[in-house]
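Biologist: Thanks for sitting down with me. Could you bring up the model, and we'll go through a few spots together?

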Amino acid sequence: MEKQLRFHWSLSQAGDNFRRSKSYDMPSGILNSEAQLTLCQQAEKSGIDSVLMAIGSGRPDPMMLSVMLGQKTEKIKFLVAVRPGLFSPSFFVQQINTLSCLVNGRVHINLVSGRSPQELKYYGDFLNYTQRYQRATEFLTICNAFWQGDGKVNFTGDFYQIENAKINTPFMSPDGKGPEIFVGGNSSAAANLVSQYADCLWRFPDSPENIKPQIEVVLNSGKEVGLLVALITRPTQAEAEAAAQALIARFGERSRKINQRFNQQSDSEGFQKVFTLSQEESPWVTPYLWTGAVPYMGAPSIALVGSYENIAQAIMDYKSIGITQYLFLGWPDIEEMAHFSDGVAPLLSQKSDLLQNF
């Protein structure tokens, strides 16, 4: 059965729309709760599946924030980020199961292995890139064993040892025994992890022809692939490109140096790849995929830029190679979400009967 298109939105910059242009030690972990709630409520109205609850030293705790927002919303799901180095898998399952009870099962998981070794050390995590993925494999093996509910969990690995474990708080959801699991990463390690233990791979975009061979292992396993990509869409291509140019006109050399420094410290394969793309002579990877904001706001600002019609066609072009999910952000998010739901989504509905929620 062919997969439906699904769309998610990042809550990570609500209340501070240009936080990625600042030093990574500057943003406050206490964000504007009213702005967070407003974006969640708009996402519900716009047919968005879930909002990303990001994790990091400059952010609030994603689990607790999800509880607060879940009490004030009805349909939106929460894509809760987790780094395996911060939790025992048993305790994490207990937390997620408790959250599911509080928000009526509106929970997905976004597993990330970390993009900054320097920040990971804040939490006492000194593993290298390869070791982090090995640990993530053990982490998901244990979590899935709990959610499969086949009895007490026993596991002995290089990073975790679990003995006769049982969690008495069940995962509560009308959709299944456990949460949908997303994994972020552009590497073969991330793709292999999803193909065995998760449901969907999040990766940064490239041209469809470049992505296609890189995602075959995931698609062949029956799992999904989604793109982490910013969005700038307007009624016409000229208006969209003008909005993109107006965006980068806000920033100067200081923002560029901040992101250069972060890129030098990061061991994320995806971040490195997007930064390299942004150094090409043209910022246009394809007619609608634009890296112009990346030097000022980092890899997550690689963007689909275009008219409603062109963005709808770009999404269908990616759909033709197996891309079925999107995690968007915009500047500002609510305005961009409105452009998407009012302008792009109706065109997608005309092009495809595989559009969920719209």
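This is a predicted model: local features need pLDDT of at least 70, side-chain atom pairs count only at pLDDT 80 or more; totals for chains, interfaces and linings use all residues.

Biologist: Which residue in E6 is the bridge partner of Val153?

Modeller: Look along the antiparallel pair formed by E5 and E6. Val153 has its bridge partner in E6, and that partner is Ala165.

Biologist: Now the helices: at what angle do H1 and H2 pack?

Modeller: H1 spans residues 33-45 and H2 spans residues 62-70, with axes 10 Å apart. Their crossing is right-handed. The packing angle is about 65 degrees.

Biologist: How many nonpolar, polar and charged residues are in the contact of H1 with H2?

Modeller: From H1 come Ser33, Gln36, Leu37 and Cys40, which meet Leu65, Met68 and Leu69 of H2. Sorted by class, that contact has five nonpolar, two polar and no charged residues.

Biologist: Is Ser341 buried or exposed?

Modeller: You'll find Ser341 in helix H14, residues 333-351. Leaving out residues up to four places away in sequence, Ser341 touches Ser46, Pro346 and Phe358. Its relative accessibility is 14%, and the cut-off for buried is under 20%. Ser341 therefore counts as buried.

Notes
Residues are numbered from 1 along each chain as its sequence is written. Side-chain values use heavy atoms; hydrogens and water are left out. Axes are lines fitted to C-alpha atoms, for helices over the stretch in contact, and angles run from 0 to 180 degrees between N-to-C directions. Helices (H or I, at least four residues) and strands (E, at least two) are DSSP runs, numbered from the N terminus. A crossing is left-handed if the near helix is turned anticlockwise from the far one by less than a right angle, and right-handed if clockwise. Contact means heavy atoms within 4.5 Å. Ala, Val, Leu, Ile, Met, Phe, Trp, Tyr, Cys and Pro count as nonpolar, Asp, Glu, Lys and Arg as charged, and the others, Gly among them, as polar. Buried means under 20% relative accessible area, exposed over 50%, partly exposed in between (1.4 Å probe, protein chains only). Two strands pair if DSSP finds at least two bridges between them.
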